[in-house]
Amino acid sequence: MCIVLQLLGQIDIDTREWSDGVLTYAARQVVKEPQNIQSWIVCDGDIDPEWIESLNSVLDDNRLLTMPSGERIQFGPNVNFVFETHDLSCASPATISRMGMIFLRSLLSQLYSIELLMSHIALSCFQTVIIIIIIII
């Protein structure tokens, strides 16, 4: 199955019924939360232009995810995205310009980067923190 369909979802051609992808499901969960609860959606895997371009409007000031079905999901300031990847060669300049970058050189720091980042986030926030991790394969 195409990675875009797995992440964003798809319309069944026969029934015209929408099925959420993993990212869409996570998005629906975090937008239900009150503004005082910080939510983090963590995507771990290669950044591919096939699906990351769909997220450019989420990463800019609009904070809006437009689904292939035409539906739109608006994120509040309490929702954040983290992308952990070993390579940005396939990411467009438009995508890279919307992100902050942290470069970790050693293998040990790469293995523990998400865990340390999430621990820091949880300890530095006084509110409840929701973390959703999506592994892209």
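Colleague: What makes strand 6 (residues 79-84) count as largely enclosed by the rest of the structure?

Modeller: In this model, which is predicted, five of the six residues of strand 6 are buried, so the strand is largely enclosed by the rest of the structure. Buried here means a relative accessible area under 20%.

Colleague: How do you know that strand 3 (residues 38-44) and strand 6 are paired, and do they run parallel or antiparallel?

Modeller: Two strands pair if at least two bridges are found between them, and six bridges join strand 3 to strand 6. The two strands therefore pair by that rule, and they run parallel. One place to look in the structure is Val 42, whose bridge partner in strand 6 is Val 82.

Colleague: Why is Ser 92 called buried?

Modeller: The relative accessibility of Ser 92 is 17%, and the word buried applies under 20%, so Ser 92 counts as buried. You will find Ser 92 in the loop between strand 6 and helix 5 (93-96).

Colleague: Which residues does Ser 92 touch, once residues up to four places away in sequence are left out?

Modeller: With those left out, Ser 92 touches Glu 53 and Asn 56.

Colleague: What makes the link between the side chains of Ser 92 and Glu 53 a polar contact?

Modeller: A polar contact needs a pair of N or O atoms within 3.5 Å, where one must be able to donate a hydrogen and the other to accept it. The side chains of Ser 92 and Glu 53 are joined at 2.7 Å, which is within that limit, and the pair is therefore listed as a polar contact.

Colleague: Why is Arg 28 called partly exposed and not buried?

Modeller: Arg 28, which lies in helix 2 (residues 22-31), has a relative accessibility of 22%. Buried would require a value under 20%, and exposed a value over 50%, so Arg 28 falls in between and counts as partly exposed.

Colleague: What share of the contacts across the chain is made by residues 24 or more positions apart?

Modeller: Among contacts with a separation of 6 or more, residues 24 or more positions apart account for 65%. As for burial, 36% of the 137 residues of the chain count as buried.

Conventions
Residues are numbered from 1 along each chain as its sequence is written. This is a predicted model: local features need pLDDT of at least 70, side-chain atom pairs count only at pLDDT 80 or more; totals for chains, interfaces and linings use all residues. Side-chain values use heavy atoms; hydrogens and water are left out. Buried means under 20% relative accessible area, exposed over 50%, partly exposed in between (1.4 Å probe, protein chains only). Contact means heavy atoms within 4.5 Å. Helices (H or I, at least four residues) and strands (E, at least two) are DSSP runs, numbered from the N terminus.
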